[in-house]
Every structure is written in C-alpha cells, then in structure tokens.
Amino acid sequence: MIELVGISKTFTAKKGSIHALKNVSISVKKGEIYGVIGYSGAGKSTLIRCVNLLEKPNTGSVKVNNVDLTKLSTGKLRESRGKIGMIFQGFNLLKTATVFENIALPLKLTGLSQNEVERRVTKYLSIVGREEKHHAYPSELSGGQKQRVAIARALAHEPEVLLSDEATSALDPDTTEAILDLLLKINKEFGITILLITHEMNVIQRICDRVAVMENGEVIEDGTTREIFTSPKHQTTKRFINSLFSHQIPDKILLNLNKTGQVATLSFFGESSGEPALALVSKKFDVYPNILSGSITRLKEESFGQLLIHLKGDANEIEKALRFLEQQHVHVEGVRVSESKNRRIS
Amino acid sequence: MKVRIDEFLDLWGSDLWEATIQTFQMVGISLASSIVIGLPLGILLVLTRPDKALANKYVYQVLDVVINIIRSVPFIILLFFILPFTKMIVGTSIGVKGVIVPLVVYTAPYIARLMETALLEVDRGVLEAYEAMGIKTRHIIWHVLVRESRSSIILGLTIATIGLIGASAMAGLVGGGGLWTSSL
Ligand SMILES: Nc1ncnc2c1ncn2[C@@H]1O[C@H](COP(=O)(O)OP(=O)(O)OP(=O)(O)O)[C@@H](O)[C@H]1O
Ligand SMILES: [Mg+2]
C-alpha cells in the first residue's frame, strides 16, 4: 500500500546540512497498522511527511497504492492526497470554525455537494463519538475531543491510508488509550491502512502489527511487533522495550546475586507460559529460581510478559536450566552488573 | 454662547458640510484602494518568504525594500515627491482626486506590512493539514490564511485607517479640501 524506497532527505540550514533521512525504505501492507518509533530528532516526522510529499525527498520513490507520487503533476498530486488522511500531534483545526465547519469546509473545497457534505460530517462525527457539540469551537474542547474531531475530518474524505504524526503524544494516558482504540476500530471497520509514528512503546505495543525503529535518519530494525518484542537486536530497540518494564535492580544487590547464581530476564507470550516453565525448572534441575520482579502487558493480539529471576545453584545446572527454558519458548537474557546491554546467553 | 455658535454655523455651515463630505470621500476611497492593493501585497509577502509556498528571494526582497523605503518617508515629503506620478495617474495633482493617489501610495504598503504580520500569526500546522487534504493553494489562502487571521486583519485595518486620517489632514496643502483645509 505504501512503498518508500531509498528515501533520503537533507535540510540545508545555516550551520550546515542535516541528513534527516538516509536511504530509508519501508513497506506498509494494505490493511495493517505500521508503527515507526524513534527518539526525538530521529527523522520520524520527516519520513511520514514524505509519504504525502509535504516534504519532498531528495532521492527515492514514494508509492502509495502503486502510484509514484513524486512523478505526479500538482493537480494529480492533490487528487492523490485526498486519498491519504493525516492527523497531527497539534490537531491543526481552524480556531475560527466550529466542529461542524472544521470538517465541512475542506469537504466543500474539494467540490462535494452540500447534501453530501452534511451527510459525511454527521456520519463521521458519530463514528468518532462526537455527535453532540457540533457548534462548539475547538477552544471549548479538550485535547482528546479535538483529536477526535481531527480524525473525523481526515475520515470524512474517505481515505485509504491514514498517517498519524504523534497523534497521542499531547494526550494523557487514559485519553491516549481511547484514541488508540478509535484507531483500531477505524482500521478494522473501514480497512484503512494506518502508518503512525510515535516515541512511545505502548502505542506500538497496543495497536501495531509491524514496527520500524529509527535512529539518526536510518531504520535500524524492523519486523512484526512480536519479533521486535521477543528478539530485539539493536540497543535502542531494547531500550524502548525496557521502557515498558521497570526491572531496575541496584548494582550492589545484583553483584551479590550473581555471586550465588545467575540473574536473567525471561520474556514470553501468553499469560501462562512463563511461571509454569519456571516451576518445572526447579523440579528438573538442581537450581532454586526466585522471581525478583515481573509484569505482563498486552500486545495487539496476545499478551507478553517479562520476569526478572535469580537462579541459585551450580553454574552447570543453571546453564542447563536456561537451555531448557529456551526450549519452552521462553526468551532468556542474562543480566550482569553495570551492563547497560543485556547480553544473550546460549 | 449659543448666539456665537449660530453665527459660526451661519457663516461656515455649508463649507463645513462640504468639507466633511470631502473628508469622508478622501478617506473612504483611499482606504478602499489601499486595501485592494495592500491585502494581496501582504499575502504575496507571506507566500514569497523563504521556505513558504511560493518562496522567491527576489520578489520578497524587492517588495520588502520598497515597502521599507516608502514607509520611512514622511507623508508630507512623499506628497510632493510623487506629484508628477499623481498627475500622470489622475491628470491633476490638486483637489480630492489629486490627494487620493499619495494617500494610497502612503497607506497601501503600511497595510501590506500589517497584513503580513497578521497572516504570519496563522499556525503553520493548519496550513499543512489543508495542504495534506489536497486543497488548492488559492483556497487555502482565502479559507484558512485570511480566515484565521480575520481579527488581526481588522485590528490592522483600524490602525491603518487612523494613520490615513492623520495623513489626509495634510491634504490641505495641495488643496485637497476636507475638514482640515477649513481649519487652516
Ligand atoms: N524544515 C527543516 N529544516 C531544517 N532541519 C529540519 C527541518 N525539519 C526537520 N529538520 C531536522 O531533521 C531532523 C529530523 O527531524 P524530525 O522532525 O523528522 O524528527 P522526529 O523524529 O520527528 O523528532 P520529534 O520526535 O522531536 O518530532 C532533526 O535534526 C531536525 O532538526
Ligand atoms: Mg516529529
């Protein structure tokens, strides 16, 4: 649905040039929710703005629905943009227009009849759950309500693709949840392909089918959400995943624990696979497992858990126990002192 | 006291009436013409700015310099300076007609500047949102840019009108007529 191939973008500023994107390629399939995550300045906004050519890439091709947008005339590009909805962190509604007008005006300007405009405004406002307050101004709405109006405005053009540039970053956690649920609903009910960018791992975790991780203008890792969660390769990816779990154990304690055995992080899918496997371990091997901390979180389709454990016992037995855990589809990583990286054992 | 005002009105009444009409004419016509020239100029200034929709260094800089020059010349000097130009445009350099040209030349760049300031206040994100929806640039200019800065535009026009009325007082010097001539 969206094919970005070899996109590079350089900004020339007074102090020199900034390579915001370096040969980036991503491919978003029809009907999926694709997330791009990265820290501030990674080039995420620049990337998503290349999809509807708000930003013109220096090199590379941008195909949406098999049409190369970079080759279109101004008029044809406008037409194609009509099929690509976009929502923003700052909502970007007209301050001088009511909720109704905010959605109706762009529809009118694209040449729809008055009847059709009214039909669509009513329809899409009710889909986003804002059928009342048609005549309120944006300044009278909360952030979450404004984002709903902005989503209705984008949907009213009946797009095939929705781009979301940090749509939930300005919202509190509860409102974020509600907006994410709305995006899921849009994706399911209308089959709209969604490309979103974010710096929050919980957004990826909740709704994305696939993910790309960006750093310094490059995609450093991509794959299904499940792959990224089970076997993150890059340091930055690990940091994003760890941001969801807080297994912070002071170095001093860790040092002591590592003297008598091994501290490790276990990652697993499904509510039930982690602890039973651990129970088996204590039976089958001569080790004493001890759970230091743990939590379970929900991915889009399944649950994902992490346990920080301490295995006490002989090094040989521990090694065997960890091997066994890996056979039970539990992902194991050893934790060492003063090690910001978690090195994989086995 | 009352007698004196009556006497005054008997003596000057019809002149005053005529002068008032002339002032309104002068200010009204100049203001309308200045808006017609100034608003598009303001829009052009905003659009040709570096990294805006129609970024054009030369157009922007020429406009910028010309506006700054005109804005820095006192009206009274401008008035005489452009006499030949006035004559060329309206065929005369005196009377109400003769004074409208310098008033417009004086006010239009001022309005352009005020419009530029007003339009620059509009949130860039909103313009982008409309661009992303595939709306035509001219529609964005009118329905977003001008619409969103409505209140600043009106404030700007009020300020420009006050300046214009002040300048029209000097119109008396070229026999422009109006209330101020009567008071000289
Ligand atoms: N118009 C521009 N002119 C110059 N530099 C720019 C421009 N837009 C972006 N950049 C630079 O490009 C780099 C990437 O910016 P971008 O906005 O894409 O980052 P981001 O990942 O979206 O970050 P954030 O999470 O803060 O929004 C940054 O170094 C930024 O300063
Ligand atoms: Mg950004």
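In this predicted model, E116(B) is buried, at a relative accessible area of 5%. The residue belongs to helix α5 of chain B, which runs over residues 95-120.

Helix α2 of chain B comprises the 16 residues 57-72. The buried residues of α2(B) are Y60(B), L63(B), D64(B), I67(B) and I70(B). Because these residues cover an arc of only 140° around the axis, they fall on the same side of α2(B). The other side of the helix carries the exposed residues K57(B), Y58(B), V62(B) and S72(B). One of these, Y58(B), also takes part in a contact at the start of α2(B), where its backbone nitrogen has a side-chain oxygen of N56(B) within 3.1 Å.

The shell consists of F11(A), I18(A), A20(A), Y39(A), S40(A), G41(A), A42(A), G43(A), K44(A), S45(A), T46(A) and E166(A). By residue class, 5 of them are nonpolar, 5 are polar and 2 are charged. Two elements of chain A, strand β2 (16-28) and helix α1 (44-51), each supply at least two residues of this shell. Of these, α1(A) gives the largest share, with 3 residues.

Several oxygen contacts can be followed from the protein to the ligand. In the case of T46(A), an N or O atom of the side chain is 2.5 Å from an oxygen atom of ligand 1. For G41(A), the atom concerned is a backbone N or O, at 2.8 Å from a ligand oxygen. A42(A) likewise uses a backbone N or O atom, here at 3.2 Å from an oxygen of ligand 1. On its own, ligand 1 has 630 Å² of accessible area, and the protein covers 61% of it.

N23(A) is not a glycine, yet its phi is positive, near 50°. This residue sits in strand β2 of chain A, an element that also contributes to the ligand shell. N23(A) counts as exposed, with 56% relative accessibility. L53(A), again a residue other than glycine, has a positive phi of about 60°. Its place is the loop of chain A between α1 and β4 (59-64). Whereas N23(A) is exposed, L53(A) is buried, at a relative accessible area of 3%; the cut-off for a buried residue is under 20%.

A last point concerns S282(A), which is found in helix α11 of chain A, residues 274-284. At 33% relative accessibility, S282(A) is partly exposed, because that value lies between the 20% and 50% limits. In sequence, S282(A) and L311(A) are 29 residues apart, while in space their C-alpha atoms are separated by 9.2 Å.

Key: Residues numbered from 1 in each chain as written. Chains lettered and ligands numbered in written order. Predicted model: local features only at pLDDT ≥ 70, side-chain atom pairs only at ≥ 80, totals over all residues. Heavy atoms only, no water. Near = heavy atom within 4 Å. Polar contact = N/O pair within 3.5 Å; in protein donor to acceptor, adjacent residues only side chain to side chain. Areas by Shrake-Rupley, 256 points an atom, 1.4 Å probe, with all protein chains shown as cover. Helix = DSSP H or I, 4+ residues; strand = E, 2+ residues; numbered from the N terminus. Nonpolar A, V, L, I, M, F, W, Y, C, P; charged D, E, K, R; others polar. Buried < 20%, exposed > 50% of the residue type's maximum accessible area, 1.4 Å probe, protein only. Expected span 1.5 Å × (residues − 1). Arc of directions from axis to C-beta.
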